[in-house]
Amino acid sequence: MTDQIQVAEEHLLHTYNRYQVVFDHGDGLYLYDTEGKKYLDFFAGIAVHALGHHYKDYDDTIKQQVDKLLHTSNYFYNQPAIDAAKKLTEASGMDRVFFTNSGAEAIEGALKAARKYAYLRDGHTDHEIIAMEHSFHGRTFGALSVTGNPHYREAFEPMIGHIQFAKMNDLSSVEALVNEKTCAILLETVQGEGGIYPADPDFLKGIRKICDEKDILLILDEIQCGMGRCGSLFTWQQYGVKPDIMTTAKALGCGVPVGAFLLQGKAAEHSLVAGDHGSTYGGNPLACAAVSKVLDLYAENNIIEHVTKIAPVLEKALDSLVEKYDFCLERRGLGLMQGLVCAGPVAPVIQKCLDNGLVLINAGSDILRFVPPLIIEESHIREMMGILEDAIRSL
Ligand SMILES: *Cc1c(COP(=O)(O)O)cnc(C)c1O
């Protein structure tokens with residue numbers, strides 16, 4: 001693979017420190033590099049491949065759509081987008097959806113919808129948005145502006161203005177920032193990149209209450225934690241707290257680039273209208289055929305039920321590492337979105353695992369992140385544990 005990597009390093013912009021692997025193909029829970037080495041995939045392309053790699057029924061749908069129609073633009077309707085919109089709004093209980101090409105774009109649309117709602121409410125143009133420290137919402141300017149990690153933002157200042165950061169799971173820190181200019185409160189239901197922090201139920205309920213009282217919109221970012229990963233199609237569905245706006249992406253297309261933001265109630269009725277927002281590719285037939293098929297396959301294969309059954313097995317396995325090794329301090333997470341907090345940098349552990357045929361990733365320098373395909377079985381967890389324990393022991 002050395003030659004391929006050398007060509008890559010000559011021509012690609014150096015925005016990633018990549019692992020020295022060129023993947024060639026995938027099958028279920030496994031990836032194969034161009035030299036034929038097999039890897040167990042507990043990373044799923046950053047929580048994307050919920051159904052694993054090369055899922056035949058899904059692949060066939062994509063192929064059929066390629067042969068039929070790829071793109072027409074949003075000047076017209078297309079059947080896959082109609083199907084995907086109906087299924088996604090019905091499954092989420094949200095009223096309306098706008099399809100994007102990525103998670104960051106879904107965040108951009110959500111922020112615009114929130115500002116437009118507040119603008120229609122009071123005619124002002126100086127509204128504030130409250131986001132959380134340690135949050136991650138994407139790399140475009142709007143999404144970066146609400147990302148609570150100064151390191152990602154610094155070189156690119158100024159960000160879009162009027163953003164405040166509160167502390168996740170600290171309601172008083174949110175209350176302290178709320179004022180008559182606040183138009184939205186934005187958070188990940190489970191923080192991903194920031195270190196796998198699920199929202200406390202009382203915190204989320206408290207925010208919903210503030211939003212209801214002050215006519216502020218609640219935006220939940222479900223881009224990583226949604227699509228069944230945490231044991232319900234969208235994680236807020238198990239909290240009994242419904243957002244006004246929700247973003248989704250990553251596993252929404254299970255490999256085809258697609259995202260969406262969804263709105264309900266007053267946010268759907270009084271925000272973006274014709275001319276306010278758009279996308280050339282957003283909602284194209286290929287991406288929407290994928291979304292539509294993914295939702296069908298979730299239902300047909302009881303994916304959510306499977307997650308609720310298998311997640312405790314993963315939790316128990318990771319808990320056993322905390323008991324056994326001083327290096328492993330704490331496990332936290334929800335469903336198949338788990339973090340193992342370690343006593344030092346996890347990069348050497350990840351490299352060792354990769355050498356031994358296991359793909360894992362970090363969330364912050366000291367946390368191992370487990371976001372496997374949702375179709376994992378106990379045998380995969382056992383296999384993962386074997387390689388991971390060897391790596392921890394050898395280091
Ligand atoms: C990945 C991610 C994003 C950004 O999605 P992209 O598709 O990379 O633009 C936004 N929010 C969360 C919570 C994410 O995990």
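**Ground rules.** I worked with a predicted model, in which local features need pLDDT of at least 70 and side-chain atom pairs count only at pLDDT 80 or more, while totals for chains, interfaces and linings use all residues. Residues are numbered from 1 along each chain as its sequence is written, and side-chain values use heavy atoms, with hydrogens and water left out.

**Entry 1: salt bridges.** I noted the general point that side chains of opposite charge can pair when their charged atoms come close. I took a salt bridge to be a side-chain nitrogen of Lys or Arg within 4 Å of a carboxyl oxygen of Asp or Glu. The structure holds 20 of them.

**Entry 2: Asp-60 and Lys-56.** The closest N and O atoms of this salt bridge are 2.6 Å apart. Both residues lie in helix H3, residues 56-68. Helices here are DSSP runs (H or I, at least four residues), numbered from the N terminus. I then checked accessibility, where buried means under 20% relative accessible area, exposed over 50%, and partly exposed in between (1.4 Å probe, protein chains only). Lys-56 has 59% and is therefore exposed. Asp-60 has 24%, so I wrote it down as partly exposed.

**Entry 3: Lys-293 and Asp-57.** In this salt bridge the closest N and O atoms are 3.4 Å apart. It links distant parts of the chain: Lys-293 is in helix H11 (residues 285-300), Asp-57 is in helix H3, and 236 residues separate them. Is Lys-293 buried or exposed? Lys-293 counts as buried because its relative accessibility is 15%. Asp-57, at 33%, counts as partly exposed.

**Entry 4: H3 against H11.** Two packed helices are described by the angle between their axes and the distance between the axes. I used axes that are lines fitted to C-alpha atoms over the stretch in contact, with angles from 0 to 180 degrees between N-to-C directions. The axes of H3 and H11 come within 9 Å and cross at roughly 155°. H3 is therefore roughly antiparallel to H11, a label for angles over 145 degrees. On the H3 side the contact (heavy atoms within 4.5 Å) includes Asp-57, Tyr-58 and Ile-62. On the H11 side, Ala-289, Lys-293 and Leu-297 are among the residues that take part.

**Entry 5: Arg-393 and Asp-390.** The closest N and O atoms of this salt bridge are 3.5 Å apart. Both residues lie in helix H14 (residues 378-394), three residues apart, about one turn of the helix. Arg-393 is exposed at 53%, and Asp-390 is partly exposed at 41%. Salt bridges that share partners join Lys-324, Glu-389, Asp-390 and Arg-393 into one network.

**Entry 6: Arg-115.** I found Arg-115 in helix H5, residues 103-122. At 36% relative accessibility, this residue is partly exposed. Which residues does Arg-115 contact, leaving aside neighbours within four places in sequence? They are His-127, Ile-160, Gly-161 and Cys-183. His-127 is 12 residues from Arg-115 along the chain, and their C-alpha atoms are separated by 6.7 Å.

**Entry 7: His-306.** Helix H12 (residues 303-324) holds His-306. Its relative accessibility is 19%, so His-306 counts as buried. Not counting residues up to four places away in sequence, His-306 touches Leu-374, Ile-375, Ile-376 and Glu-377.

Technical notes. Helix = DSSP H or I, 4+ residues; strand = E, 2+ residues; numbered from the N terminus. Parallel < 35°, antiparallel > 145°, perpendicular 65-115°, else oblique.
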